[in-house]
Amino acid sequence: MFVAPDIIQVELPLPFPLKIVNCYLVRGPDGWALIDSGINWPPALEAWQRALAQWSIRPRDVCEIYITHYHPDHVGLAGWWQRQSDAPVFMTPLEARSVIEVWSDGPWTGRQLAALFTAHGMPETLAQAVAERSEGTHEMTQPLPEITPLAQLAIPADAEYLVPAAPLLIAGRAFQPLVLPGHADEHLCLFEPATGVLLAADHVLPRISPNISVLPHTRPDPLGRYLRSFAALESLAVEIVLPGHGLALTNLHERLEQLRSHHIDRLEEMLTAIGAGTTAYEIATRIFRMDQLSPHQVQFAMGETIAHLDYLVAEDRVDRSDSEPVTYRLKR
Ligand SMILES: [Zn+2]
């Protein structure tokens, strides 16, 4: 359906608890641009065929493809789309690199993820189950597209996020790019000043708090950088937020406030759960019902726990000892 001026939202099914990812078709004077692609899974391909028929859009009408970050539900069908449309696929440089590193020749994720989580105290068998689940996602990202990294959208080494002065012309419409870390290191959001539309992907979601995880290749303190990136959004005249999952929202400021207070509460829970000092896995079991979670959810809970603990370390409230396993202890 049209959710903003000349912007169609296409809901694609996912084989995960999240159930649906939103992709967007943006119509401009130069044709259509596609923002995010879905995962390579037969029900998602069928959903694309139905949507294209409904809107009488031919794949060749899509002249540009932008992928907001490397996660499989966003990049998974970019290669399939590129083959049909011949359109260039654009990403921020770090996200483009992550696509290659994570999805190109196989199970780096598995081994490195298991190693990271066992180093943080997770039992070997559980870490193995998480690793296998993550390897199962690999084929849902194939074939990989040929990606054009947008060099001007790299976050400089001395900055936490990037709001470049120059707009991006997407299908001939002027969007302000915002490269905001947290959910992914160089996650791309797009703001159109003329309409007040913010294509937020997974940086701001309506119902759930975007997963902020430490994973094997994450830059340090993703949660701190995520929370500080809100400043970049708060200065924009946003009328409507089009998210990567769930319904559009119009109360961006209120939602950012809710997300902020969610993390502040979670940080307090972590401080309490640290007790006399222990591993991230132990802390995660005190906060999440780890024994009742699927391997996919265990990965999210564990990555999220390490991210919160590393935030507290960066804030100088908690000590981290890089022993085997890594332990955290309240600062005296
Ligand atoms: Zn994501």
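**Chat about a zinc site and its surroundings**

Modeller: Along the chain, the zinc ion's donors are spaced as H-x1-H-x111-H-x18-D. Keep in mind that this is a predicted model.

Colleague: Okay, which residues are the protein donors of the zinc ion, and through which atoms?

Modeller: His 69 and His 183 each use NE2, His 71 uses ND1, and Asp 202 uses OD. They lie 2.1 to 2.4 Å from the zinc ion.

Colleague: And what do the angles among the four donor atoms say about the site?

Modeller: They run from 85 to 174°, and the site comes out as irregular.

Colleague: Back to the histidines. Where do His 69 and His 183 lie?

Modeller: His 69 is in the loop between strand S5 (62–66) and helix H2 (72–75), while His 183 is in the loop between strand S9 (173–180) and strand S10 (187–192). The pair therefore ties together parts that are 114 residues apart in sequence.

Colleague: Is His 69 buried or exposed?

Modeller: Buried, with a relative accessible area of 0%. His 183 has 12% relative accessibility, so it counts as buried too, given that the cut-off is under 20%.

Colleague: Let's look at S9, then. How many of its residues are buried?

Modeller: Seven of the eight, so I'd call S9 mostly covered.

Colleague: How does S9 run relative to S8, and how many bridges join them?

Modeller: Antiparallel, with three bridges between S9 and strand S8 (residues 168–170). S8 and S9 make a hairpin with two residues between them, and Ala 171 in the turn has a positive phi of about 50°.

Colleague: What about S9 and S10?

Modeller: Those run antiparallel as well, joined by five bridges. Leu 178, for instance, has Cys 189 in S10 as its bridge partner. Their hairpin has six residues between the strands, and Gly 182 takes a positive phi near 140° there.

Colleague: Switching topic: where is Thr 141?

Modeller: It's in the loop between helix H6 (124–136) and strand S7 (147–149). Thr 141 counts as buried, at 0% relative accessibility.

Colleague: What lies 2.6 Å from a polar atom of its side chain?

Modeller: The backbone oxygen of His 138.

Colleague: And which residues does Thr 141 contact, leaving aside neighbours within four places in sequence?

Modeller: Pro 72, Gly 76 and Trp 103. Pro 72 falls in helix H2 (72–75), the helix at one end of the loop that holds His 69.

Key. Residues are numbered from 1 along each chain as its sequence is written. This is a predicted model: local features need pLDDT of at least 70, side-chain atom pairs count only at pLDDT 80 or more; totals for chains, interfaces and linings use all residues. Side-chain values use heavy atoms; hydrogens and water are left out. Donors are N, O and S atoms within 2.8 Å of the metal (3.2 Å for Na, K and Ca); water is not among the atoms, so sites may look incomplete. Four donors count as tetrahedral if all angles lie between 85 and 135 degrees; four count as square planar and six as octahedral if opposite donors are over 155 degrees apart and all others between 65 and 115; anything else is irregular. Helices (H or I, at least four residues) and strands (E, at least two) are DSSP runs, numbered from the N terminus. Buried means under 20% relative accessible area, exposed over 50%, partly exposed in between (1.4 Å probe, protein chains only). A polar contact is a pair of N or O atoms within 3.5 Å; within protein, one must be able to donate a hydrogen and the other to accept it, and residues adjacent in sequence count only if both atoms are side-chain atoms. Contact means heavy atoms within 4.5 Å. Two strands pair if DSSP finds at least two bridges between them.
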